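Okay, thanks everyone for coming. Have a look at the model on the screen, and I'll walk you through a few spots in it.

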Amino acid sequence: MKILVANLGSTSLKWRLFAFEGAQFSLLHKGGLERVTDYPAGINECLGQLKQAGAIQDESELSAVGFKTVLAQTVTGCVELNDAVLEDMEGGNLIAPAHNPPYLTGIRLFAERMPKTPLVGLFETAFYQWIPDTAKRYGVPDSWYHAGVRRWGFHGASHKFIAERSAELLGREDIAHRARQLYVDQGKSMIGDGDCRVISCHLGGSSSVTGIRNGVAIGNSMGLSPQSGLPHNNRVGDLDAMAIPFMMQKKGLTLDHVIRDLCHEGGLKGVSGGHNDLRDVQAQSDQGNQDAQLAIDFLVAEIRRWIGSYYLELNGIDALVFTAGIGENRAMMREAVCAQLGNLGVCLDPVENEACQAAEAVISHEDSPVKVMVIPTNEELVVAREVKRFLEKNS
């Protein structure tokens, strides 16, 4: 079984092709295109590269194309991307403006190009289907909640991979198995012996923190939209709701202007004075830019705030995991997040931390009660596995 996983951006197309033989898999090909202005041509280029590499002879060999879909109004889980689901996704365009429209465009073009190939989406919200009711709610009227104003949670594929792999590294294959079977068992994997407690920090251009018990999420720092939670590269993160009418009245901003500011001018970019890549922010800080240093300190403080929240909710942790671009590559950020957490059992090994660059490693002291880990995430593999299970279940 060959499954192509397509990652769609507003001007990018990245892919990985997996082959499955039973439970075993292999990565046959990966590639990507940037500055895509013609999506049909981009899809043709993707398929052409797969053929040129010998990964497929013809696209009819593909059992499915899988997508890491972000948000729909009512649909979650791993589902076939039919017209009804795409219409439901369109209803989420306002709260996921950077994600949903490119995915909708790309999915429809894949459907035109490959009409006989199943298109299957694993929604980023799927990992949070079984979080406690208290973690789903805002303090809004009940009618708002039923209209969809609730905490959905995102980066689900990444955090699910961390749930599986961290359990393996902790010697809890039983928990890893439950995490892998989560969508098949419909959350029943929460039931079982023992207690494996992990906090997963997905830190990159877009960042979030998730608490995980026995392979199952108990909550995520993101809420209704991917704009929430931690400050992102240029998206605001958490914000008091009254800031919007305040700025509309105070500065005469239109709603469109507010949305643009919150989605494109906020986060690290807003605090640092215009720099939205952490590497550039750090360079500015090294040159004495106090706003840039404030942006770094602010991000660290928000990460620690969410770690503290889930530490209390889990009543302690067995592992603290860093993943994604910043989490995997920035020793300085890991050190800052873990600073003075010895009373919570987090004892970072500075030598191991500094030596770790984008590789799987345990970076805590040998005698640290909490294992601090760096685990490169593999969202595409999670998508491919779930698409495979979907096809097998519905064959």
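Let's start with Ala 358, which sits in the loop between α16 and β11 (361–362). By the way, what you see is a predicted model. Ala 358 has a phi near 55°, a positive value in a residue other than glycine. Is Ala 358 buried, exposed or partly exposed? Its relative accessible area is 41%, so Ala 358 counts as partly exposed.

Now hop back to α16, the helix of residues 350–355, where you'll find Val 351. Val 351 has a relative accessible area of 61%, so we call it exposed; the cut-off for that is over 50%. Between the C-alpha atoms of Val 351 and His 365 there are 9.6 Å, and along the chain these two are 14 residues apart.

There's another positive phi to show you. Asn 214 isn't a glycine, yet its phi is positive, about 55°. You'll find Asn 214 in the loop between β8 (208–213) and β9. This one is buried, with a relative accessible area of 4%.

Staying with loops: Gln 227 is in the one between β9 (216–220) and α9 (243–251). Gln 227 has 8% relative accessibility, so it counts as buried, since buried means under 20%. And what does Gln 227 touch, not counting residues up to four places away in sequence? The list is Ile 95, Pro 97, His 232, Arg 235, Val 236, Gly 237 and Cys 263.

Next, a charged residue, Glu 386. It's part of helix α17, and at 4% relative accessible area Glu 386 is buried. If we skip its neighbours within four places in sequence, the contacts of Glu 386 are Cys 78, Leu 122, Lys 160, Arg 180 and Tyr 183.

In general, nonpolar side chains in soluble globular proteins tend to be buried together. Here, the largest nonpolar core has 39 residues, and the ones touching the most other members are Ile 3, Leu 122, Phe 127, Tyr 183, Val 321 and Val 387. Which element gives the most to this core? That's α17, with seven residues. Take Phe 127: beyond four places in sequence, its contacts include His 159, Leu 182, Tyr 183, Ile 212 and Val 216. Apart from this core there's another one, of 35 residues, including Ala 295, Phe 322, Cys 356 and Val 372.

Let me show you a helix with a clear inside face, α12. Its buried residues are Leu 278, Val 281, Gln 282 and Ser 285. Those four cover an arc of only 100° around the axis, so they're on the same side of α12. What do they pack against? The partners are α11 (267–272), α13 (290–314), α14 and α15 (331–338). After α12 comes Gly 288, with a positive phi near 95°.

Last topic: empty space. To find where space is left, you roll a probe the size of a water molecule over the atoms.

The largest pocket holds about 1400 Å³ of space. It's lined by 43 residues, and nearest its centre are Asn 7, Lys 14, His 99, Gly 205 and Ser 206. Several elements supply at least two lining residues each, among them β1 (2–8), β2 (13–21) and α3 (100–113). The biggest giver is α14, with five residues. By class, the lining has 12 nonpolar, 19 polar and 12 charged residues.

The second largest pocket has about 1100 Å³. There, 31 residues make the lining, and Ile 95, Val 149, Leu 224, Ser 225 and Ile 244 are the closest to the centre. For this pocket it's α10 that gives the most, again five residues. And the classes? You get 20 nonpolar, nine polar and two charged residues.

Key: Residues numbered from 1 in each chain as written. Predicted model: local features only at pLDDT ≥ 70, side-chain atom pairs only at ≥ 80, totals over all residues. Heavy atoms only, no water. 1 Å grid on protein atoms, 1.4 Å probe; cavity = no way out; pocket = protein on both sides within 12 Å on 5 of 7 lines; lining within 4 Å. Points joined across faces, edges and corners; volume = space filled by probe spheres on them. Nonpolar A, V, L, I, M, F, W, Y, C, P; charged D, E, K, R; others polar. Buried < 20%, exposed > 50% of the residue type's maximum accessible area, 1.4 Å probe, protein only. Contact = heavy atoms within 4.5 Å. Core = buried A, V, L, I, M, F, W, Y, C linked by side-chain atoms within 4.5 Å. Arc of directions from axis to C-beta.
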